[in-house]
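Visitor: Hi! I'm new to reading protein structures. Could you walk me through this one?
Guide: Happy to, let's take a look together.

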Amino acid sequence: MDISSLLGPDSGDVFTVRTNMVSTLTGSATMNHVSEDMGNDTDGQLFAALRNWADVVLVGAQTVRAEDYSGVQPNGDGSRPAPIAVPSRSLDFDITADFFTDFTTPPIILIPHSSRDNQELIKRIATIESTGAEVCDAGEGTVQDYISVLKDRGFKRVLCEGGPGMIGQLVDIDAIDQMYLTLDPHLSTGVETPMATFKGEHSHRRMQLENVADDKDGTVFLRYSRAR
């Protein structure tokens, strides 16, 4: 399958937020509580292509922990990969994990400015910074603050890989320009993990279908963009 057709047109110099998600046919974003066994080889190639497109990858802290994220490694062409930016209030990370010990580009940990007033969090900040990771103040610690900080730092291509809380917050502030959704051809008895969650009054955003493609094994690839 032509990965470039799944990826679609380049966004150029316009600030763009893309999300990349996978779901079973019955709406679960995980099977056996992780997403790594979902999708297929084409999905893996699309994942890599989106990573190559991005100049920063935004991932929720719980997803980094649950999916045992690895540190970013060199791209196939040897170029420096995009950093992973992780918002966190608790800074509850295992700094012996590969995410903090084996990376080419240091991760960026986004924190509310108030975290620097908490003595316990100050210690955690120092521990995280000792790994080579960067800890960056992000105002009040809202998703709008995270996006603004990334934009102010010169990033123009933001790829969000989840988790559901992060996706829900991005939907709430209408920040998603494009969504890549892979439908894995499995039925699940229930929704282990929804694709989006939100603590507050729910809102909805209309998207328009840009592309649909199906693979030989029944995996379907959808690309949506913000409805104009």
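Guide: One term to start with: buried means under 20% relative accessible area, exposed means over 50%, and partly exposed is in between, using a 1.4 Å probe and protein chains only. This is a predicted model, in which local features need pLDDT of at least 70, side-chain atom pairs count only at pLDDT 80 or more, and totals for chains, interfaces and linings use all residues. Residues are numbered from 1 along each chain as its sequence is written, and side-chain values use heavy atoms, with hydrogens and water left out.

Visitor: Okay, let me try that term. Is Leu-91 buried or exposed?
Guide: Leu-91 counts as buried, because its relative accessibility is 3%. You can find Leu-91 in the loop between E3 and H4. Those labels come from DSSP runs numbered from the N terminus: helices are H or I with at least four residues, and strands are E with at least two.

Visitor: What is the phi of Leu-91?
Guide: Leu-91 has a positive phi of about 55 degrees, although this residue is not a glycine. For background, most residues other than glycine have a negative phi, and most peptide bonds are trans.

Visitor: And what about the phi of Asp-68?
Guide: Asp-68 has a positive phi too, near 50 degrees, and is not a glycine. Asp-68 sits in the loop between H3 and E3. With a relative accessible area of 56%, Asp-68 is exposed.

Visitor: You mentioned peptide bonds. Which residues does a cis peptide bond join?
Guide: Gly-162 and Gly-163 are joined by a cis peptide bond, with omega about 0 degrees. Gly-163 belongs to the loop between E6 and H7.

Visitor: What is Thr-63 in contact with?
Guide: Leaving aside neighbours within four places in sequence, Thr-63 is in contact with Asp-68, Tyr-69, Gly-162 and Gly-163. Contact here means heavy atoms within 4.5 Å. Thr-63 itself is in helix H3, residues 61-66, and is buried, at a relative accessible area of 14%.

Visitor: New topic: charges! How many salt bridges are there?
Guide: The count comes to 10 salt bridges. A salt bridge is a side-chain nitrogen of Lys or Arg within 4 Å of a carboxyl oxygen of Asp or Glu. As a general idea, side chains of opposite charge can pair when their charged atoms come close.

Visitor: Which residue does Arg-51 form a salt bridge with?
Guide: The partner of Arg-51 is Glu-161, and their closest N and O atoms are 2.6 Å apart. Arg-51 lies in helix H2 (residues 41-53) and Glu-161 in the loop between strand E6 (157-160) and helix H7 (164-172), so this pair ties together parts that are 110 residues apart in sequence. Glu-161 is buried, with a relative accessible area of 9%.

Visitor: What about Arg-226?
Guide: Arg-226 forms a salt bridge with Asp-174, and the closest N and O atoms are 2.8 Å apart. This pair links distant parts of the chain, 52 residues apart: Arg-226 is in strand E9 (residues 220-226), and Asp-174 is in the loop between H7 and strand E7 (178-184). Arg-226 counts as buried at 16% relative accessibility, whereas Asp-174 counts as partly exposed at 36%.

Visitor: Which residues do salt bridges with shared partners join into one network?
Guide: Asp-174, Asp-177, Arg-205 and Arg-226 are joined into one network that way. Apart from neighbours within four places in sequence, Asp-174 is in contact with Arg-205 and Arg-226.

Visitor: Which residues gather in a patch of negative charge on the surface?
Guide: That patch consists of Glu-36, Asp-37, Asp-68, Asp-94, Asp-98 and Asp-102. Patches are made of residues with over 30% relative accessible area and no salt bridge; like charges are joined within 9 Å, and nonpolar side chains (Val, Leu, Ile, Met, Phe, Trp, Tyr) within 5 Å. Asp and Glu count as negative, Lys and Arg as positive, and His and the chain ends are not counted.

Visitor: Where is Asp-94?
Guide: Asp-94 is in the loop between strand E3 (84-87) and helix H4 (98-101). At 48% relative accessibility, Asp-94 counts as partly exposed.

Visitor: Last one: what is Gln-73 in contact with?
Guide: Beyond neighbours within four places in sequence, Gln-73 is in contact with Pro-81, Asp-102, Phe-103 and Thr-104. Gln-73 lies in the loop between H3 and E3 and is partly exposed at 37% relative accessibility.

Methods:
Accessible areas come from the Shrake-Rupley method with a 1.4 Å probe; for residues, only the protein chains shown count as cover. The place of a charge is taken as NZ of Lys, CZ of Arg, CG of Asp or CD of Glu.
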